[in-house]
Amino acid sequence: MTLPPTAVLRGAQAAAARMADRDTPFVFDDWYVAAFAEEVGPHLLARRLLGRRVVLYRDTAGAVVALDDRCPHRSMPLSAGRLDGDTVVCGYHGMRFNAQGDCIDVPSQPQCPKHVGVRAYPVVERGPVVWIWMGDPAAADLSRLPPQPWLESPDWETSQGFLTLHGSYVRLHENLLDLTHLTFLHEKSIGTPDYAKAPFESVIGDGRFALLRDVVPTTLPPVWADPTGLKGQGQAARIVRSEFLGPGLHEVSVAFYDCHLPADQRRTFHIRTAHMPTPETATTTHYFIVHGRDFAQHDAAMTRTMHDQLFQAFHEDVVGLALQEEALAGTPPDELYEFSIAADAPAVAMRRYLKDRAR
Amino acid sequence: MTLPPTAVLRGAQAAAARMADRDTPFVFDDWYVAAFAEEVGPHLLARRLLGRRVVLYRDTAGAVVALDDRCPHRSMPLSAGRLDGDTVVCGYHGMRFNAQGDCIDVPSQPQCPKHVGVRAYPVVERGPVVWIWMGDPAAADLSRLPPQPWLESPDWETSQGFLTLHGSYVRLHENLLDLTHLTFLHEKSIGTPDYAKAPFESVIGDGRFALLRDVVPTTLPPVWADPTGLKGQGQAARIVRSEFLGPGLHEVSVAFYDCHLPADQRRTFHIRTAHMPTPETATTTHYFIVHGRDFAQHDAAMTRTMHDQLFQAFHEDVVGLALQEEALAGTPPDELYEFSIAADAPAVAMRRYLKDRAR
Amino acid sequence: MTLPPTAVLRGAQAAAARMADRDTPFVFDDWYVAAFAEEVGPHLLARRLLGRRVVLYRDTAGAVVALDDRCPHRSMPLSAGRLDGDTVVCGYHGMRFNAQGDCIDVPSQPQCPKHVGVRAYPVVERGPVVWIWMGDPAAADLSRLPPQPWLESPDWETSQGFLTLHGSYVRLHENLLDLTHLTFLHEKSIGTPDYAKAPFESVIGDGRFALLRDVVPTTLPPVWADPTGLKGQGQAARIVRSEFLGPGLHEVSVAFYDCHLPADQRRTFHIRTAHMPTPETATTTHYFIVHGRDFAQHDAAMTRTMHDQLFQAFHEDVVGLALQEEALAGTPPDELYEFSIAADAPAVAMRRYLKDRAR
């Protein structure tokens, strides 16, 4: 075949035009991970978030501060200066800023001009991560930050990591909302051949989008078969919920159990992964990840093993999404189209939602 | 002097505007080398050709297949998937495509949508190379592919090689159509001081452009003096025909003989080079080369020596053309002009032809 | 705080719009350093100056020649050819140009076309540097080149060096016109804590802009305390004049003396630095520097020590200005603003002057 009929192609392009993609403006009025909590201390940390240059530090009381990383005098990055107590001193001409971003000293003159300063961003520290609100500070709304008690619960054993994605955060959310790809992209890590053909259900809510998939019976890959003891061929149920909870948060929850035992006799094992993408630029993404389990607690060797194997899979995503981005960028716009299938329904709805919110 | 008079400059710019250059659209409706035949096997080979991303493979019957290298579902390069018999399976969600480019399976659902697929390109394998037609498949016209029987003849000893040119294919054709530059650019390899001043004749045909040059008498450089025995000062004739045969093919044919012997007593030695540039992007070119001779057959050491010395010269072209491209790109457009001389006549006509065909 | 009130922000942006910056066209009608004299010899030297590609060489009489570095036939850089006596031979098809830039030979034909050639630039050699006039040659005006007799005087011991600045020459001039930054950017090299708060005076003339600063009493950093013997705490006066003398020249003159001795009993030590930025592109600058002193003459070890310590400081400028350029480029234009303070008065006037001249 050559290209699809023009009507089909234009229809696909019209559908795509309603969905967010790398060209869609960022959704500023929401929470994104700025850093892992352990990264932020009494020192200056520069990071680009949603296209903006931000400097982060912890003040003397331990609170996280996030300021625009550009001195408004002559544009030197504040992160190239130094932290002096709760204040930042620019490394060029010594302008000093407090934690609210106000300029409070200009060394070469006795008076400090009024109305000079940098933007200070609302931040919230929750367990292992620091969330930042890059939009209108007056609109900063904690109710937009879904509770994730498991991240701070002693019943859950967690590990965390960071990847740089050379692709749009939109496509990472899309990737997570249809795990059909476990069978192919993750064939050698966490996927199994039956995954792609398992029945699924779409959940399309108001800003929440999920795909639920029951793979029953299935054979678990070693990373979960070993610690759960569910090692038999076709012994296990693998019940998966992938859910978009906001532009900065996607959670994957999985339950495993012996599908040959009655419900009242079996133990259910849970794993959960918080995927927290923060756009750096339109085509690069900070990819923060915290993974947890409610079994094999206090087993550091198991934590290490699961972490390594899962991050191998997340690395496969990052490699694949970068290839996708290259192919998208390398296709003449008038020839670019994508067709969607049934399993894309939550992702299509999610991308329309992001596009609507970007307006 | 400073710039030429405005009228002269504008005249040169008007002349240049009628000639193809790196900004001119590609000529899609013609044949270009996609790969050497030996590169294509039962595995996926990704290559950018005329700006398009193509994946090549050989099917189970040994035929070469060329498809667009982008899954129309979510834009993963097909070359990142796997070849399964005659079909390609996308490495993201497992969509399967046959050798005609049709999507024939979507694993996550029972039915495969209609009208979904990727472009399949006509290909023709001839001797050492695979030719591809990137334009309208219905217009694929074998009569546009000039026969080159010497490439498959046992009387010719050949060797082949590949260079990446950081320049436009247009300028490579231009380079080949006036070999005056042998005296300067190839001063240390295959050029001689008398080459630039030898008489020449232009041939300007319908889509064929040639420059013929008789360098008689001349002294051959060692690369040809040694195998032909024409080692004397001023002993040789060097009769050269450089011919543009299409946007993807230029052939240089050279005859050497002892110019002091009568025609019926002398032996004539021939060499021939197929220069096959395939645009990768507007400013980068895949440069495929096959060189042959009708003497010193079955002499592998001679083949090696000639190959090495000729590729040294072709490397000089590639280096020079990249410098030319940098200078073109680095000159303000309103100051950019080039003047043409008599030896440029075939190249100017060729560039006008490419410009006309690009429309 | 967040952003300043809109009126303040728009006011700052309006002020900035009147000042030169990296987007402002270059000032062509003035003198810039093309090279150190010792770099130019009987060989071809390619350099980009004010965005133009220039080739420099010394003719057989020792005079410096500067030509456009692009053959007007087929755009090969002339610097890729060879120097033959006073003429340049293009390395592609052998066109020959004399020191005036006229094409005087085309090897492949008996006649050389008229009106073909390249631009030749006026150059003036003065002591250690070669100055070039990139604008209208008819307007080349030596009176625009301020005399700097100390550069050729036996009473001054000098050393020279070169840095590549990844930033605009405009911001380098700005940097030099307010040395408040010595206390911060050069805290570890040539700055002292009291420098930023010392009184200063602005001088705003017709194309000349200066800031004068008397740091009295002060403690000299070792680089000057050692050779002058002014090693005591608060023993020294440090009298500094930073002056913009043209787009290609800024001079910093400093006097040191014992501030506790009466004027008629003290010795005054002088240092002087010619900062000579030549734009390469809008965001990269060739930074030529000659430093001199009128004491410790013929002391090569002292020259080495001072050179190393000063170039450490100049390197700090180059690093800082590159960070500034990144922050400027990385800020959305509608949010970009800078506020100026009293010490910026000469720099603001200088940037307005450059903007006016660019028109």
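**Figure 1. The contact between chain C and chain B in the predicted model.** Chain C contributes 27 residues to this contact and chain B contributes 26 residues. On the side of chain C that touches chain B, eleven residues are nonpolar, eleven are polar and five are charged. The structure shown here and in the following views is a predicted model.

**Figure 2. An open, three-stranded antiparallel sheet of chain B.** The strands are arranged in the order 2-3-4, and their pairing is antiparallel. Strand 2 (45–49) and strand 4 (64–68) of chain B form the edges; each has a single partner strand, so one side of each is left without a neighbour in the sheet. On average, neighbouring strands of this sheet are turned by 30° against each other, direction ignored.

**Figure 3. Pairing of strand 2 with strand 3 in chain B.** Strand 2 of chain B and strand 3 (residues 52–58) of chain B run antiparallel and are joined by five bridges. Within this region, Leu49(B) has Arg52(B), a residue of strand 3 of chain B, as its bridge partner.

**Figure 4. Burial of strand 10 in chain A.** Strand 10 of chain A spans residues 129–133 and is mostly covered, with five of its five residues buried. In a regular strand, side chains alternate between the two faces of the sheet. Val129(A), Trp131(A) and Trp133(A) point one way from strand 10 of chain A, whereas Val130(A) and Ile132(A) point the other way; all are buried.

**Figure 5. The strands paired with strand 10 of chain A.** Strand 1 (residues 31–36) of chain A pairs with strand 10 of chain A in the antiparallel sense over five bridges. In this pairing, Trp131(A) of strand 10 is the bridge partner of Val33(A). Strand 9 (residues 123–126) of chain A also runs antiparallel to strand 10 of chain A, to which four bridges join it. Here Glu125(A) stands opposite Val130(A) of strand 10. The hairpin of strand 9 and strand 10 of chain A has two residues between the strands, and Gly127(A) takes a positive phi near 60° in this hairpin.

**Figure 6. The largest nonpolar core and the surroundings of Ala34(C).** In soluble globular proteins, nonpolar side chains tend to be buried together. The largest nonpolar core holds 234 residues, of which Ala34(A), Ile132(A), Ala34(B), Ile132(B), Ala34(C) and Ile132(C) touch the most other members. Not counting residues up to four places away in sequence, Ala34(C) touches Arg47(C), Leu49(C), Val54(C), Leu56(C), Ala66(C), Val123(C), Val130(C), Trp131(C) and Ile132(C).

How values were computed:
Residues are numbered from 1 along each chain as its sequence is written. Chains are lettered from A and ligands numbered from 1 in the order in which they are written. This is a predicted model: local features need pLDDT of at least 70, side-chain atom pairs count only at pLDDT 80 or more; totals for chains, interfaces and linings use all residues. Two residues are in contact if their C-beta atoms, placed from the backbone, lie within 7 Å. Ala, Val, Leu, Ile, Met, Phe, Trp, Tyr, Cys and Pro count as nonpolar, Asp, Glu, Lys and Arg as charged, and the others, Gly among them, as polar. Two strands pair if DSSP finds at least two bridges between them. Axes are lines fitted to C-alpha atoms, for helices over the stretch in contact, and angles run from 0 to 180 degrees between N-to-C directions. A residue is buried if 20 or more other C-beta atoms lie within 10 Å of its own, exposed if 12 or fewer, and partly exposed in between; C-beta atoms are placed from the backbone. A nonpolar core is a set of buried Ala, Val, Leu, Ile, Met, Phe, Trp, Tyr and Cys residues joined through C-beta atoms within 7 Å.
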